[in-house]
Amino acid sequence: MELDYVVGQILAWLRALGIEKDTFVFFTSDNGAAVMSGPKQSGSNGPFLCGKETTFEGGMREPAVTWWPEHIPAGTVSQQLGTVVDLFSTSLSVAGFSVPDDSLIDGLDLSPVLHNNTLINRPIFYYRGNEMMAVRVGPYKAHYWTWSNSWEEFNQGINFCPGQEVAGVTTHTQQEHTMQPLIFHLGRGPWEKYPISAVTKEYQDALSRITAVVEKHKKGLVPGVPQLNMCDMAVMN
């Protein structure tokens, strides 16, 4: 309720200042709701599996709302996949600037989606730390690693997936599936409870498509120094 109120206040001021038609507003979250605090203290991710700090849909899938009078038609709904790193390229584009070509930019320009409701075919990579845990291509999501939280935390009453335990999926050890990823069709089952059988043609076809995307992604990765480590060194010095 508080969040709804303060966003409303910001939009009201944009109108009062007469700059609402020149202001691009984008509302989203950096992760799903935290669910580890208990049923009466946590948020809810609806039907999606688990929550914050996991790479299941409950931890990674968030809604996004845009507002830009006379530029984005009210009531428009898009099924476009996006990530927060797309905001850099998209914001530059809607402001009339080009994306810098002297650096490798991860995010995509999604302005065609905003203006024309165009769908851009793109993969989504789910990372936890430095590990690529899962990949989504179209409606298919392949888990190369699964992990909710440690047995130590779980035995202390901390559960990242309360009431949603799925055998072989919400594992409490870092379980590797790189030789045979768990693949889900998120259109049929966004709750990630029933992986596609590995012996089916659907699985093999999906794996072939996803494998090609993963190989291309990994070839283009450029290692970098984590910024948190840089901050730690600055403090130590």
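Visitor: Which elements each supply at least two residues of the lining of the second largest pocket?
Guide: First, this is a predicted model, where local features need pLDDT of at least 70, side-chain atom pairs count only at pLDDT 80 or more, and totals for chains, interfaces and linings use all residues. A pocket is an open set of points on a 1 Å grid over the protein atoms alone, with protein on both sides within 12 Å along at least five of seven lines, and lining residues have an atom within 4 Å of a point. Helices (H or I, at least four residues) and strands (E, at least two) are DSSP runs, numbered from the N terminus. Here, the elements that each give at least two lining residues are β4 (131–137) and α6 (201–219).

Visitor: Which element gives the most to that lining of the second largest pocket?
Guide: Residues are numbered from 1 along each chain as its sequence is written, and side-chain values use heavy atoms, with hydrogens and water left out. The lining has 14 residues, and M132, Y144, T178, V214 and K218 lie nearest the pocket's centre. With five residues, the top contributor is α6.

Visitor: How much space lies in the second largest pocket?
Guide: Grid points are joined across faces, edges and corners, and a volume is the space filled by probe spheres set on the points. For the second largest pocket, that comes to about 210 Å³.

Visitor: Is S148 buried or exposed?
Guide: You'll find S148 in the loop between β6 (145–146) and α5 (151–155). Leaving out residues up to four places away in sequence, S148 touches T54, R128, F160, C161, T170, T171 and H172, where contact means heavy atoms within 4.5 Å. Buried means under 20% relative accessible area, exposed over 50% and partly exposed in between (1.4 Å probe, protein chains only). Because its relative accessibility is 0%, S148 counts as buried.

Visitor: What do the buried residues of α3 pack against?
Guide: In helix α3 (residues 86–94), the buried ones are D86, S89, T90 and V94. Seen down the α3 axis, they fall within an arc of 130 degrees, so they line one face of the helix; the arc is that of the directions from the helix axis to the C-beta atoms. What these buried residues of α3 pack against is α4 (111–116).

Visitor: What percentage of the 237 residues in the protein is buried?
Guide: The whole protein has seven helices and eight strands. Its C-alpha trace spans about 55 × 50 × 45 Å along the principal axes. Of the 237 residues, the buried share is 33%.

Key
On a 1 Å grid over the protein atoms alone, a cavity is a set of points where a 1.4 Å probe fits but cannot get out, and a pocket is an open set with protein on both sides within 12 Å along at least five of seven lines; lining residues have an atom within 4 Å of a point.
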